[in-house]
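Open the model in your viewer and keep the selection panel at hand. The stops below tell you what to select and what is there.

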Amino acid sequence: NPIFFGSAMIIPIFLSLGLCLQTTNRVKKILYGTVVFLCTTGIILSRARGALVGLGIGLLFAIVFWFFSKKNKKKHQRFLLIGIVAFLLISSAYFFFHFPNRSLWQIDNNLYNRIILWTYAIKGWLDHPWLGVGPQNFYQIANTYYHFDPHVTDSGWADKSHNQLLEILSTGGIFSFLCYLSLCFFTIKKILRIKHTHCFMRKEILVGALIAYITQNLFIFNTISALIGFIFFLAFITTPEEIERSDIDQKTYSSFIWITLLLPVTAWLFFFLPAKMQLYQSNSAQVDLLTNRELAVQDLSLIDQNNFVFDRYLLSEFYTKILITELEQTKKQSPFSNDLSILAHESIKKALREHPMRATLYLLRSGVFITNAKIAQTRVPEEGFESARQLMQLAPGRTEGIHALATMFILNKEKQKAEEEIQLFAKQHPETEEEMKGMIEKIYSELEK
């Protein structure tokens, strides 16, 4: 997603700007200025509205803060005016680029969906105010409060609130939220206590960077790339000035060097290398899916054999996709498809042990049962119905669960039960009435295809 790149550029822009203003070396000024230009261009081209708004507000805040920190304000009024004009010109540059379906101020479908997710987050927090539903578990909230809207084109299974503050509040509760606010407060307090010397950049730049980072987090979740920049930013401002200006003893210096060398090596061996191998194997499986499905399964098996799998849901999704593709293209069961069906079920079971509340896993499981029954022309077992009902329980407002359940009844030659379940669902969720009217015909059409 290009907005990940845009959000990661916020901290580097301000640090490069601060270094550009700090240095007296002309070559370094040109170097840092070029970095600022490239990062700003990257944000604009990534179409990351949150990052662009954050950059604008952070720059404006830095300019105003710089002005009011001066004793002789009349003398610096023209600089304030020049800064504000420059800010407006940079901000308006966004409108000179034509970006389809993405305007800064227009409330398009993308922004409308995010506003809906923010309301879900608030509702989720009100139900779990103290400890939330647990970090990275926002999908529970999104599934619980999902409300069917036929006018919304994007009805995907959300797992992020696209607002870091609301994400922390709803998944971590009020205590986590207060910790995050405390971190921001003490960071600003630390910046304001920094004395401007030849060793340290201007504090208004650092405050502007933090404001920009917080502002963009109101529109996006905290990506790893952006978070790494923020961690380095915290390390930078908390480095004592005395360490920069004076020599430290050799023993402390040696320890620091060894830690600096060992940490990235350890991270590379135990995290980045396994992650890279899994990404390589999953990408290879995705390519082989189109040409050689048996080779794709071998790629996935290499991931499944690892002691630590980074994303079992993704692994289950791959197995299910390969199985459904194999059955729908060959139109028959084979030893390979039977083995693949076992692998898909086992993978989903392992994923459910780690994420028992993840509704999309039950959706995958239901799909496996439906496809097997359709190709083999057999009845759907009771376990398939249990998966569909569990899906409806975890995501009561979504139509995928009732669709899976009705399909299973039709495959089992129980059309009347399918109609009864659909009518009951439409009664419980009146907003889906129009969608439910043609569901039986839609299912028959899908089965014929």
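**Stop 1**

Select Phe-14 and show its contacts. Leaving out residues up to four places away in sequence, Phe-14 touches Leu-55, Gly-58, Leu-59, Ile-205, Gly-208, Ala-209 and Ala-212. This is a predicted model, so read each contact as part of a prediction.

Together with Phe-14, they touch the most other members of the largest nonpolar core, which has 52 residues. Which helix gives the most to this core? Colour residues 203–216: helix 9 does, with 9 residues.

**Stop 2: The whole chain**

Zoom out and switch to cartoon. You will see 21 helices and 0 strands. The chain has 449 residues, and 45% of them are buried. Take the contacts between residues at least 6 apart in sequence: 66% of them join residues at least 24 apart. The accessible area is about 25500 Å², and carbon and sulfur atoms account for 63% of it.

**Stop 3: Helix 18**

Select residues 400–411. This is helix 18, with 12 residues. From first C-alpha to last, helix 18 reaches 16 Å, close to the 16 Å expected at 1.5 Å a residue.

Is helix 18 mostly covered or mostly open? It is mostly covered, with 11 of its 12 residues buried. Show the side chains of helix 18: the buried residues include His-403 and Thr-407, along with Ile-402, Leu-405, Met-408 and Phe-409.

What do the buried residues of helix 18 pack against? Colour five partners: helix 16 (359–376), helix 17 (382–394), helix 19 (415–428), helix 20 (433–437) and helix 21 (439–448). Then step past the end of the helix to Lys-413, which follows helix 18 and has a positive phi, near 60°.

**Stop 4: A nonpolar patch on the surface**

Select Val-265, Trp-268, Leu-269, Phe-270, Phe-271, Phe-272, Leu-273, Met-277, Phe-308 and Phe-310. These residues form a nonpolar patch on the surface, with about 1000 Å² of accessible area together.

In general, nonpolar side chains in soluble globular proteins tend to be buried together. Centre on Phe-308. Phe-308 sits in the loop between helix 13 (293–304) and helix 14 (312–330). Why does Phe-308 count as exposed? Its relative accessible area is 55%, and the cut-off for exposed is over 50%.

Note on methods
Residues are numbered from 1 along each chain as its sequence is written. This is a predicted model: local features need pLDDT of at least 70, side-chain atom pairs count only at pLDDT 80 or more; totals for chains, interfaces and linings use all residues. Side-chain values use heavy atoms; hydrogens and water are left out. Patches are made of residues with over 30% relative accessible area and no salt bridge: like charges are joined within 9 Å, nonpolar side chains (Val, Leu, Ile, Met, Phe, Trp, Tyr) within 5 Å. Accessible areas come from the Shrake-Rupley method with a 1.4 Å probe; for residues, only the protein chains shown count as cover. A salt bridge is a side-chain nitrogen of Lys or Arg within 4 Å of a carboxyl oxygen of Asp or Glu. Helices (H or I, at least four residues) and strands (E, at least two) are DSSP runs, numbered from the N terminus. Buried means under 20% relative accessible area, exposed over 50%, partly exposed in between (1.4 Å probe, protein chains only). A nonpolar core is a set of buried Ala, Val, Leu, Ile, Met, Phe, Trp, Tyr and Cys residues joined through side-chain atoms within 4.5 Å. Contact means heavy atoms within 4.5 Å. The expected span of a helix is 1.5 Å times one less than its number of residues.
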